[in-house]
Protein chains: 4
Amino acid sequence: MGTGYLDQLKQEAFEVNLEIVRERLVVLTWGNASSFDRAHGIFAIKPSGVSYSLLKWQDMVLVDLDGKVIESKLKPSSDTFTHLEIYKGFNSVGGIVHTHSPWATIWAQACKSIPVIGTTHSDHFKGDVPCLPYLNKDKVESAYEKETGLQIVEFFKKEQIVPNHMPGCLLSGHASFTWGETSQKAFENAVALEACAHMAYHSFKLSHDINFPIYILSKHFTRKHGENAYYGQK
Amino acid sequence: MGTGYLDQLKQEAFEVNLEIVRERLVVLTWGNASSFDRAHGIFAIKPSGVSYSLLKWQDMVLVDLDGKVIESKLKPSSDTFTHLEIYKGFNSVGGIVHTHSPWATIWAQACKSIPVIGTTHSDHFKGDVPCLPYLNKDKVESAYEKETGLQIVEFFKKEQIVPNHMPGCLLSGHASFTWGETSQKAFENAVALEACAHMAYHSFKLSHDINFPIYILSKHFTRKHGENAYYGQK
Amino acid sequence: MGTGYLDQLKQEAFEVNLEIVRERLVVLTWGNASSFDRAHGIFAIKPSGVSYSLLKWQDMVLVDLDGKVIESKLKPSSDTFTHLEIYKGFNSVGGIVHTHSPWATIWAQACKSIPVIGTTHSDHFKGDVPCLPYLNKDKVESAYEKETGLQIVEFFKKEQIVPNHMPGCLLSGHASFTWGETSQKAFENAVALEACAHMAYHSFKLSHDINFPIYILSKHFTRKHGENAYYGQK
Amino acid sequence: MGTGYLDQLKQEAFEVNLEIVRERLVVLTWGNASSFDRAHGIFAIKPSGVSYSLLKWQDMVLVDLDGKVIESKLKPSSDTFTHLEIYKGFNSVGGIVHTHSPWATIWAQACKSIPVIGTTHSDHFKGDVPCLPYLNKDKVESAYEKETGLQIVEFFKKEQIVPNHMPGCLLSGHASFTWGETSQKAFENAVALEACAHMAYHSFKLSHDINFPIYILSKHFTRKHGENAYYGQK
């Protein structure tokens, strides 16, 4: 494993950390992204509380799956252990994005899942985006960030949801996490989540009675995902 | 038919594809625009799933009215057959824009037409912008994009709506298509649709009882369209 | 009267026409601003339907109070006669801005005046911003734009509203006009109107029972206007 | 006390005055920020009514705690006495930001406190952000700006709220003030207030029944504040 490879991992994570700001998913320091090298069990993540305007790619912090920081004087994001548990629990995930983007957070604060009612949503999430319940007091006060990651992984296992088909979730009273095969895909899912949260909110204010057909959901998801996908250049 | 002409067609389509992003009608790759050369039966359209930040005008894909791709290694937009059917069905159309712009999509997801209640709307659309019903399962699973185009053309014929007077529509659970004599006009109609969708949504939350007079609708539409138009420089 | 003076008038009007676009009060060509030289009875106004991205200050059209265009090949804004009637009817006005800015238009489409409920509003408008009723059919079909201007002037006279104290109004089903001693002031009032329209809409969704004290309204308006004003550098 | 020090104070205040515009918390001249040097009892504040586009750091006005302007020909912000009373009343405050940012103002105009329902809010404000009642007529007509500052200080004392734990408040019918150990922190709290005001408004439209646990509020506030804080780089 050469340094060159780790630098590339840092650069990849850095780019996505900038993209979530550019796309207005993040203001101040309310968000972080990481890129995972599953082969070596190392991910690069934003340092904690560092202003986006000062951030350099070299500042990204490398962390292994035991939570050990590799050659950095900066502390990693306070949400590092949430990322870590998702990487451990979901085999296909190569990148994670956490933001307090307003519309996803609006649903999370209302403790409500985002119902699928359109093709924009179906292109990215195969069904309602679930909102997980408040963590209990013991978990919040003991190992809050690690418990948040475990909650996500356990919820998906219990509900038998495939993380690839539902690359994100809401956390009650908090905000959202999205993921993907790469951190770039995780970013795109964060953009999609925000747009769908915004649109679903308002569509339901226009009509309480929306019956989006499951066959359109399936059509759109499979148009973009899986072996019969025909969207894009391959 | 010289190459020069086709290059110009590509450049025209390219420009409009950029404009829909600049105007925030499109995020990620959720949209596409095409320009049609009716004399030669060829249109230029965005390649499928290519990031807007990487797009060059040379990447635009030329397609004829049989759906055949002309000298390109890139696949055209997955919505190509919808564009094609609209060009075939509506004689006056020279450009088409498809976006998932948020407010038009909010109405589409609620399966509701956008009522005309103001002059902004009247300047572009001569009446309520119709929302077409969900396509049925057979059509979605057989030739989804082609059926979408056919649905639009057949709806306008059945309802006896002149495509020039109503240069756009919503598709339930999906988003919007707009069109015009040129792709630039189609773009302007997409901007107008989004603004009117946003404003109508909120005006109706202020008052359920809006009776916009038909004579103001007519005045504004004819001020801009038809032989007695006096808006603009000719 | 030298050409130099008229060029300055054009430049002034041009600048404000750009500002309303920069501030997102205008998209496409939905708006226009004019600057008035009362001493010479001439105003400079945007040409009709010209794209803002192509506009040069030299394109501004000079019009006198009979509606006669002075040395220009371009047609003035289709709303020219509305501006003209306001300049004729309101002695203190030196600049006018017309936009379809979304939130002001939302109230106008709902045919509702914007109630004063805060100091932002009070700093600019001494009371509710009135929404005038739909023009009748005869007036719309005969001399629509001139009748619109007359309606505004007559409404203010009938209701004994001082144009300086209420530098703007809404037109049912249409949008807003604002004015001021200069076109720059008219622009600032357009910005204020849009912000207040946005905030009032949402404040009333939070509470139906808002009783903003008249003494705060007076305090804020007189802090900025009239002989006892102490806001600003003099 | 050297001039160098005061220049630095001006530059600091200047930077924050620009930031509130960049972040769209302020349009036109609706806002001001100040930086306080407690050791010398002097603060630097924006001059009254000066356009942000013309503002230079040298224009910042230095004011002492008696309200006396130090070597400046410009008048300080009309809200200077509100800042002054807050600096006098709250020992730990080193910077103040006042804006009419839309969502905070929407709550203020509705005369409602912003309930804490999420972690974004908890990271900055330890509980509901209070909305203070309308000032009475006598206070508005006598020494409005000073009385506004006194109202804030007295409210916090009476309600036994620690200004460090609740670095901001709303004023009924007006807008918001935020503060912090530095003007940069005051700015960050203004950004947070605006985001939380926006999100809380909409979360409550999705659900009237939100029971955000107090232990998550405490966890998030103490993660960032106080001696056990572990967010950020120290």
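**Chain contacts in a predicted four-chain model**

Over all chains, the structure holds 34 salt bridges. One of them is formed by the side chains of E145(B) and R223(A), at 2.7 Å from N to O, and this pair crosses between chains, running from helix α5 of chain B, where E145(B) sits, to helix α7 of chain A, where R223(A) sits. Please keep in mind throughout that what we are looking at is a predicted model.

Let me stay with chains A and B for a while.

Turning to the elements involved, the side of chain B that touches chain A receives two or more residues from each of α3 (102-109), α5 (137-158) and α6 (183-206) of chain B. Of that side, the largest share comes from α3(B), with six residues. By class, the residues on this side of chain B divide into 16 nonpolar, ten polar and eight charged.

Next, the area. The size of an interface is often given as the accessible area lost when the parts come together. For chain B and chain A, the area buried between them is about 2,900 Å², and 58% of it lies on carbon and sulfur atoms. Which residues of chain B lose the most area to chain A? They are W30(B), Q109(B) and Y134(B), which together make up 21% of what that side buries. In terms of residues, the contact takes 34 from chain B and 32 from chain A.

Y134(B) also comes up when we look at the rings. The structure holds 36 aromatic pairs over all chains, and one of them is the edge-to-face pair of F212(A) and Y134(B), with 6.2 Å from centre to centre and 70° between the planes. F212(A) lies in the loop between α6 (183-206) and α7 (214-224) of chain A, while Y134(B) lies in the loop between β6 (131-132) and α5 of chain B, so this pair joins two chains.

I now move to chains C and D. A rotation of 90°, with 0.0 Å of shift along its axis, superposes chain C on chain D at an RMSD of 0.0 Å. In chain C, the C-alpha nearest the axis is that of K205(C), 6.6 Å away from it, and here too the copies use different surfaces, with 3% of the contact residues of chain C recurring in chain D.

Between chain C and chain D, about 3,000 Å² is buried, 58% of it on carbon and sulfur atoms. L206(C), Y215(C) and Q233(C) supply 24% of the area that chain C buries against chain D, more than any other three residues. The contact takes 32 residues from chain C and 35 residues from chain D.

The helices α4 (119-122), α6 (183-206) and α7 (214-224) of chain C each supply at least two residues to the side of chain C that touches chain D, and among them α6(C) gives the most, with eleven residues. That side of chain C has 14 nonpolar, twelve polar and six charged residues.

Finally, the pairs that do not touch. No contact joins chain A and chain C, whose closest C-alpha atoms lie 13 Å apart, and likewise no contact joins chain B and chain D, where the closest C-alpha atoms lie 13 Å apart.

Notes: Residues are numbered from 1 along each chain as its sequence is written. Chains are lettered from A and ligands numbered from 1 in the order in which they are written. This is a predicted model: local features need pLDDT of at least 70, side-chain atom pairs count only at pLDDT 80 or more; totals for chains, interfaces and linings use all residues. Side-chain values use heavy atoms; hydrogens and water are left out. Contact means heavy atoms within 4.5 Å. Buried area is the accessible area (1.4 Å probe) that two parts lose on being put together, summed over both. Helices (H or I, at least four residues) and strands (E, at least two) are DSSP runs, numbered from the N terminus. Ala, Val, Leu, Ile, Met, Phe, Trp, Tyr, Cys and Pro count as nonpolar, Asp, Glu, Lys and Arg as charged, and the others, Gly among them, as polar. Rings of Phe, Tyr and Trp (its six-membered ring) pair if their centres lie within 6.5 Å; planes under 30 degrees apart count as stacked, over 60 as edge-to-face and the rest as tilted. Copies are superposed by least squares on the C-alpha atoms of residues with pLDDT of at least 70 in both. A salt bridge is a side-chain nitrogen of Lys or Arg within 4 Å of a carboxyl oxygen of Asp or Glu.
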